[in-house]
Structures are given as C-alpha cells and as structure tokens.
Amino acid sequence: MSPLHIKKGSNSHSAYNLRPTFSDVQEKHTLAVLVDNEAGVLARVIGLFSARGYNIESLTVAEVDHVGGLSRITVVTTGTPQVIEQIKAQLGRIVPVHDVHDLTVEGPSVERELALLKVAGEGEKRVEALRLADIFRANVVDSTLHSFVFEITGTPEKIDAFADLMRPLGLLEVARTGVAALSRGTA
Amino acid sequence: MTRQMTGAKMVVQALKDQGVDTVFGYPGGAVLPIYDEIFQQNGIRHILVRHEQGAVHMAEGYARATGKVGVCLVTSGPGATNAVTGLTDALMDSIPIVVLTGQVPTFMIGSDAFQEADTVGITRSCTKHNWLVKDTEDLPHVMHEAFHVAASGRPGPVLVDIPKDVQFATGTYAAPKEVKLAHYAPKVKGDMEAITELVEAIEQAKRPVFYTGGGVINSGTGASQLLRELVDATGFPITSTLMGLGAYPASGDKWLGMLGMHGLYEANMAMHDCDLLINIGARFDDRITGRIDAFSPKSKKAHIDIDPSSINKVIRVDIPIVGDVGHVLEDMLKVWKARGRKTNKEALAKWWAQIEKWRAVDCLKFKQDGPTIKPQYALQRLEALTKGHDRYITTEVGQHQMWAAQFLGFEDPNRWMTSGGLGTMGYGLPASIGVQVAHPDALVINVAGEASWLMNMQEMGTAIQFRAPVKQFILNNERLGMVRQWQELLHGERYSHSWSEALPDFVKLAEAFGCKGIKCDDPADLDDAIMEMINYDGPVIFDCLVEKHENCFPMIPSGKAHNEMLLGEADTQGVIDAKGSVLV
C-alpha cells in the first residue's frame, strides 16, 4: 500500500490531514476540544473514550467563553497514530463539539498543570522541603508547625519530579488539576 | 409567527411544521399532555403499537421506505428503556428517527419517582444526540434541531426527553425558520483534489470494483441514479453490502450480487483480486472484510463517506473522500467526463472474463428435491411470483435474512429494510408495518424466521387495528438456524438451545389475531399458497415449513479471507480454527 496523501490546509474535521497510519508506536497527544457548555457534554466525551476503549491520561474542563457558552476540554491520551486519528474523528462528530485541536501535531504549544502537595515533617526534612520548593518555585499556601501545603505550576514532568523529591520528606497528599494547554503564537 | 402555547401543543405543532404525518407510539403517564393534544387534532396520524420496541422499528421501516424522518412517542421509564434496542439499531444502520419520551416533572427528576429513568443517560450512547428539555421556552428550538440532526450528515436516531411539567407549561412557539440551529453542519462536498485522484485511478484501473453501501440509499434516490450512471458509463463491476441493496438494480449486467460473509462467490473474489476498490457509502464492516490483513490485498482503496470517523477506522485507504455520496458522485462524473471518459477497456474485458469464470461456479445453486421445501426454493418462488408487484421487503435476522438477500432481487432503493449492523431479531414484523403505513397500497412482505418473528409478534395486533395488510412469510425450520449452523461448524454439532420447541400453530395464531393464516409444507403447493397470500386483502401469517438442517452458503468462515469461502457442506469440515472461533 502507498502512504496516504496529506492535503494541506485541511481543517480538523476533515480526513485529509491524516498522517500515514502504519506505525504501531504508542504516542501521547494533547487534544483541545471546544464544546457547547451544556448538560451532559462531558459525559458524552468521557463516554466516547470508555465505549471505544481509548485511554485518558489527563482531563480538564472549564467554561472559557461565558457569552458564547463554550467550554474547553483538554484531554491527554495515548494510542497508535490510527487510534489518535479515530479519537479526533469520533470527537469531531459529537453534535455539541465545535472543534478538535491536536496540539501535539499542530505546531508548538505550552502545557501547564497546577498541583497542591501536603508535606509533613520535622527538623532537617522540613527545611529541605522548603529549600526544594524554592528551587522549583513552589509557593507555600498553608503552613503549620508540622506541615506545608505547596502550590506548584509547571509541566506534568516537573510536578512528577517535585512529588518524587517530596516523597521521602513526608509527602502526605497530592491534588493535581490535569493539563491545560494552548498553542504558541497567534495560531 | 410566534405564539403562546403549552409545551404539549408545541410538540404537535413542531411535528406538523416538520412535515410529519405519522407517529408511532404508546401512551403513558408522563406523555399524557401530548396525547391529549394528539386527540384534539387531525393532521398527524398516530399508530398505536403493542410494545415500544415495535414503535421504533416501525419508525425505522417508515423512514427507510420514504427517506423521511421516522417519529416515535413513548412514555418515561419503561417506555424509554424499551426503545433502547430500536435506537441502537437505528444508530448502527444510520436511520433518521426522532424519539420523543415523556419524563417525570423536572422537580421530581433524581428522586427515583414512579416510572423515572435517566433516559438521556441511558440513551446517550445509542443516539446520535439527545436532549432533556427543562424549560418550555427551549422546546421549539430543540424539536426543530432534533429533526435537523437526525436527517443531516450521517443520519441517525435522536431522542428528546420532555418532563411532564414542561409539557403543561406555556411558552412561546417558534417555527422552524425562526429558529437558529446550532453549528452542526457536516461537510457534504468532497475535496476536488481527492476526487480527481480517484478519477485518475478509475482511468488506469485494470481490475476495478465498486463496493457500495447504505450510504448511497441514505443520500437519496438521486445518488442511486448517479451511481447507475457511473457504473454503466465505466462498465465497472459493482457489489453491495446488505444495507445497500437496491441502489444498483439486481437486473443490471454489472451487478455481482451482495458481498461479505454470505455474499456471492464472484463478489468476494472480485473484492479479493481487484486492483482498485471504490467504497461508496459503506464502512468496511467485519461481515464484509473477513480477515482484515488478507482483505483485498492487491488494491488501491478509495473511500467515500460523509462520516470522517468511518475513514481509516478498519481498513487503511489511499484516497479518502469525506462528503455526501450524491455530491461526490456528481463531481466524480463531471471530472471523469471532462477528462474524456477514459477507462482501460482492454484490461476491463479481461477482468470481466475472469468474473464470468467465477460466476460460472454458480455459488447459490441448490437442489429442490424430495418432499420438503428448501428455504432457497421458497424465496426463489416468492421472488418469481412477486417480481412485478410494487414490492417492499423487510426481514428478521438470521439464515432467512441472508437467503432473502441472496435470492430476492432489488431494482430500486428504499425497497429493502433489514437490521444489518445490530442484527436485531424482531425487527422485521414491526418494520413491515411501518413500511405499509407509508405505502398503503404496496405489497409489503416480511421474510422471517419463526424464532425472530416470535420476538415481536404482538405487533400483529397493530397491523390488524390499522389495516396494514402486511404479509409475514415465515421460513419455519423449528430452529434458530444461524445459531444451529455455527454450532455445527464450530461447536461439534452440540446444538445447545438452538431449536424452537412449543411453537404455536401459526394458522390458529393468525385466526386468534383476526387475520389469515396459511400453512404450506409441500413444494408442489407452494406457488398456489404464495399466490393466496399475495391476493388476500389483509395481513397474512404464512407458515412455510422448510428443511430443518439447511445451512446458508456461500460462507466466509470467521477469521478467513474472501478467497477462502465455503461453497457447500462438503467444504465445512474443520475449517474454523481456534482463533476464528472467538470471533462472532
């Protein structure tokens, strides 16, 4: 079989932007899904992932345009290129979905996640936790004589690294928001 | 023109404004206000069903036979849950229907009220879209949008859940043209670059084949017309899925017959050996492809589909074209004609010579001998005796369905209604009533198996009440024939629960319902019996006792390729390996 022709300038709802789908390599993609902010829309999106056996690694949802009534769902998923294309096409045909952007392939993008970490410790461990928080530019948002709650923003990898460091220093709980992402520049 | 009216009245008004003339439904507590409005008008005919599943299949039959949107009205809770099978069936086969469900009043939602069910939750995955209307002011907009979504793009079922207090409350009605529909507007025009690429491939192809599906039927009669023009002008062979029968006439000389698991030898061999495969409105279903990695290995593949998610879902294609079949075919023909109507005639002649060799195998041959009616013979006679009639065929699901697809010929679209994707036993009887309601003077026959037919036989009451003279042609082998066939091939002839015991006497059953029953078990009597059925002015239950152990051939066994078909009993020993036996 010959590889697919890839048409330039096609939008996210067309099949022409399909990349060759021969690879069996699992890829991680960040998708931004713009939807009508109506009852049940999140269930539709999540239901699609569970019904068709796709993965969700991270999911964030919030209204982003109150006047237009639009929400933005950012979902990080993994799959072979063929599965990723299927996910995008399946998302695109949900009636309240306006647009699906694959930020991983549509040029450079920024990704950020926020996390709160509760760390309890005494003495040198406590001082070390504060020192590392400073290095990671994490803020202290709650403090007792025996614990801190740190607020940290960054890529998921940075948060993973910070959490790993906090673990031996008395990490009790982590709350993460999941990834929010935007394309760079004016695109 | 905007007017103040109750939600219930809005529902009826919106149906009228959408051109609806028939509603299939069943009343209940949560839809009483709407039923009260239906009582006080004459524009919309209400067909009272006997079970909500029947209502949905009737609406499907109606929609398929007319090209319009089918409409159902059912109550909350069990009314809605009974509609789920029909909704799933319509979703799988892309049939446009609107199901209206009553719901408990908004202030009781979530309280586990009597006959409350989370209808939009339950039906979210078996509808194209659904709505719970919590405010009467939203109702006109949602009603009109429901019809828009059901009918546009890839058609499908939608559901509107209407709480009882919303039906009682008063609001402002808006007509369809006053309503701003949401952004939903699927692309219908295909990409011209891709279309040109396909035309180039058509010009060069040595062994081409058209593989068409239900998308051609859904695109309207114009699309079928364009398909015929394209096929006849290029001289390419054409095969079709179960859902696409009738788009190209069975009497056409380019017709190879149905393809797939029980498709014709010549159709499947052509698919396997072709060098250009043009999929028009089909979706590479597993009944069609057989073993994926051995599917049409030598071909360049083009795929025309209105649903982008159908493309590269199962089979990777070289020329994807997203668009409505009718629009794309029109552009294809234009481009092909403008470029000089070229095909590789020499190679085509060789290709046809090969196809004729496959045809000569005569894969549907059977021998009607002995005192028992062969199911194939019954259908052959039915075909011969009903050919000239204004005929519509529905089916149930199983062996009889495949035999009907093999032995009945369809000359026009919208004449063949069968449950393809979901394979819903119990579809055919209600669907036949839906078709008959749409075409009161036509000959509507449900080709059935006795086991499938029993699943929704209560709808005979509907047929009699509304004088729908549907003919129930039951091929009675006292078996779940397809299950039995698989048990024979795959499970060591251990026929676990695949026979119909304690069957009713169908003639007496017909009499009990108040219609005509005919029983036939002798090949010599068959023609007269079929003529009696056709000529009877009213519903008929025809009990055709057939050979009990007949298997349906040809067959591509699970996990096998198109060129590994079984043509008859002699081929069946040990053909399905362990890997194939886990497939359905």
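User: What is the mean pLDDT of chain A, and how many of its residues reach 70 or more?
Analyst: This is a predicted model. The mean pLDDT of chain A is 89. Of its residues, 88% reach 70 or more. Over residues 1-21 of chain A, however, the pLDDT is below 50. That stretch still has 57 contacts in the model, beyond near neighbours in sequence. Where pLDDT is low, predicted coordinates should not be read in detail.

User: What are the elements of chain A, and in which order do they run?
Analyst: Chain A has four helices and nine strands. From the N terminus they run β-α-β-β-α-β-β-α-β-β-α-β-β. Buried residues account for 42% of the 187 residues in chain A. Take the contacts in chain A between residues at least 6 apart in sequence: 69% of them join residues at least 24 apart. Chain A exposes about 9,600 Å², and carbon and sulfur atoms supply 56% of that area.

User: Why is Thr418(B) called buried?
Analyst: Buried means under 20% relative accessible area. Thr418(B) has 0%, so the label buried applies.

User: Where is Thr418(B), and what does it touch?
Analyst: Thr418(B) sits in the loop between strand 16 (416-417) and helix 18 (428-438) of chain B. Leaving aside neighbours within four places in sequence, its contacts include Arg64(B), Asp93(B), Leu242(B) and Tyr427(B).

User: What makes the pairing of Thr418(B) with Thr395(B) a polar contact?
Analyst: The cut-off is 3.5 Å between N or O atoms, with one able to donate a hydrogen and the other to accept it. The side chains of Thr418(B) and Thr395(B) make such a contact at 2.5 Å. The side chains of Thr418(B) and Gln401(B) are joined by another, at 2.7 Å.

User: How do you know that Met417(B) is buried?
Analyst: Its relative accessible area is 0%, against a limit of 20%, so Met417(B) counts as buried. Met417(B) lies in strand 16 of chain B. Not counting residues up to four places away in sequence, Met417(B) touches Gly61(B), Ala65(B), Ile393(B) and Val435(B), among others. Met417(B) and Leu245(B) are 172 residues apart in sequence, yet 9.4 Å apart in space, C-alpha to C-alpha.

User: What makes helix 21 of chain B mostly covered?
Analyst: Helix 21 spans residues 481-490 of chain B, and eight of its ten residues are buried. Among them are Met482(B), Arg484(B), Trp486(B) and Leu490(B). Just after helix 21, Gly492(B) takes a positive phi of about 60°.

Terms used: Residues numbered from 1 in each chain as written. Chains lettered and ligands numbered in written order. Predicted model: local features only at pLDDT ≥ 70, side-chain atom pairs only at ≥ 80, totals over all residues. Heavy atoms only, no water. Buried < 20%, exposed > 50% of the residue type's maximum accessible area, 1.4 Å probe, protein only. Helix = DSSP H or I, 4+ residues; strand = E, 2+ residues; numbered from the N terminus. Contact = heavy atoms within 4.5 Å. pLDDT = per-residue confidence, 0-100. Areas by Shrake-Rupley, 256 points an atom, 1.4 Å probe, with all protein chains shown as cover.
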